[in-house]
Amino acid sequence: MNLSRRNFLGAASAFSIVPASVFGANAPSNRIVMGMIGAGREGGMGTGNMKSFLGLDDVVVRAVCDVNAKHRAHGKEIVDQRYGNTDCDTYADFRDLCVRPDIDAVMIATPDHWHAYVGTFAASCGKDIYGEKPFTHDLREGRALVNAVERYGRVWQTGSWQRATGEMRRAVELVRNGRLGKIARVEVGLPGGGRGRKSVPGTPVPRELDWDMWLGPAPYRAFQGVYDWEWRWVLEWGGGQLMDWIGHHMDIAAWGLDRDRTGPVKFQGWAPYEPEGIYDSFKSYRVKCTYADGLDLTVADSGKVRSGATWYGADGSWISVDRGRLSASSDKLLESRVEAGELRFESNGHQRDFIDAVKTRATTSANAEVAHRSASVGHLCQIALLTGRTIAWDPAKEQILGDPAAATLLGRKPRGGWKLY
């Protein structure tokens, strides 16, 4: 691939030195230099992540990338305001940012259909990566991204930040330390619904937006006014509320089961199909997932099951956790202490965990394999819903068994010559 360097070598040597006072006691040699890909939209996850990294004294952000010129300019404004200079560089093409040798790590918060392509390229350029959930847009992309992270020896942290919160860690500690005894069943409740502005065929592309680059490896579709936030409810780009949240609550459920490096073997789903213009994701859904030992896990919208992750013991006891809420079938369970010798999970913050791992080369709390496995449950739920058939799955070989037509939904051919590295 012929990369445009855009005077990269000159730009890389022309950075102003950020005043040491900005970074407190952290020596320049200990600072991690980052680039932000998919950042700058006000209220967006990429901008939120960028602000979190800007708040760490041992991180310096030197570049912002977005296919939307307004977002790029806003991202630069945020970074420059933080450092009191005008040194932040902007890029329309993530490849130009990733080839810079002065960048240690990148943050990726693009639409889902870009995750694997940006991630594998960044890994091939020697960058450590903080990437948004869901891990990838389809399951085969997920395995390719895990392989790239491993092949190039990179640190990966997925934005499944719930692992860093006290109520989530406390719930997982109680379940993993046997307070419910043998787990009889599990429920994962995700949001339902999900729609946005109405699509309008013939809408002109905003001057600031490179629509062809925004689409990238996804099939070509004429612009209809739907991009920034609402893309997640279009299956060619996202996966609806199911995939938008599977990397959060499924991640916690699997962590509590100590099964976050494997997955169920059978998926049977029910969902009404209710497309609205460009939007074609499921608004209401319920999928029964079964592990090899017979344990049932239900993934459904929260109109059908309790929101968050809920584990049930064989005696009817339960522990349930959602953002800002930890509840149980008895006060005794909630008051249980984690004793010496039992599992305990600590966190200094999700972004902090990533930066520490970049320095030490340790494994992060939401590493690539873990993130892929959580997302895989969502991908297979979608396939069960789209086909209306029971899906048999081999989580070790990552193959759908006995259904070649369903297996074609595990991945797609990218448009425009894009490839996974």
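Reader: Hi! Which strand does E11 pair with in the antiparallel sense over four bridges?
Author: Hello! That is strand E12, residues 318-322, which pairs with E11 in the antiparallel sense over four bridges. Keep in mind that this is a predicted model.

Reader: Good to know. Which residue stands opposite isoleucine 319 of E12?
Author: Tryptophan 311 stands opposite that isoleucine.

Reader: And how many residues sit between the strands in that hairpin?
Author: Four residues lie between E11 and E12. In this hairpin, glycine 316 takes a positive phi near 95°.

Reader: Which strand pairs with E11 over six bridges?
Author: Strand E7, residues 183-190, pairs with E11 in the antiparallel sense over six bridges. As one example, glycine 189 has glycine 308 in E11 as its bridge partner.

Reader: Is E11 buried or exposed, then?
Author: Six of the six residues of E11, residues 308-313, are buried, so this strand is largely enclosed by the rest of the structure.

Reader: Let's zoom out. How many helices and strands does the protein have?
Author: The protein has 13 helices and 15 strands. Its radius of gyration is 22 Å, close to the 22 Å that the globule rule gives for 421 residues, so the protein is as compact as a globular protein of that length.

Reader: Nice! What percentage of the residues is buried?
Author: Buried residues make up 58% of the 421 in the protein.

Technical notes: Residues numbered from 1 in each chain as written. Predicted model: local features only at pLDDT ≥ 70, side-chain atom pairs only at ≥ 80, totals over all residues. Heavy atoms only, no water. Helix = DSSP H or I, 4+ residues; strand = E, 2+ residues; numbered from the N terminus. Rg over C-alpha atoms; globule rule 2.2 N^0.38 Å. Buried < 20%, exposed > 50% of the residue type's maximum accessible area, 1.4 Å probe, protein only. Pairing = 2+ DSSP bridges.
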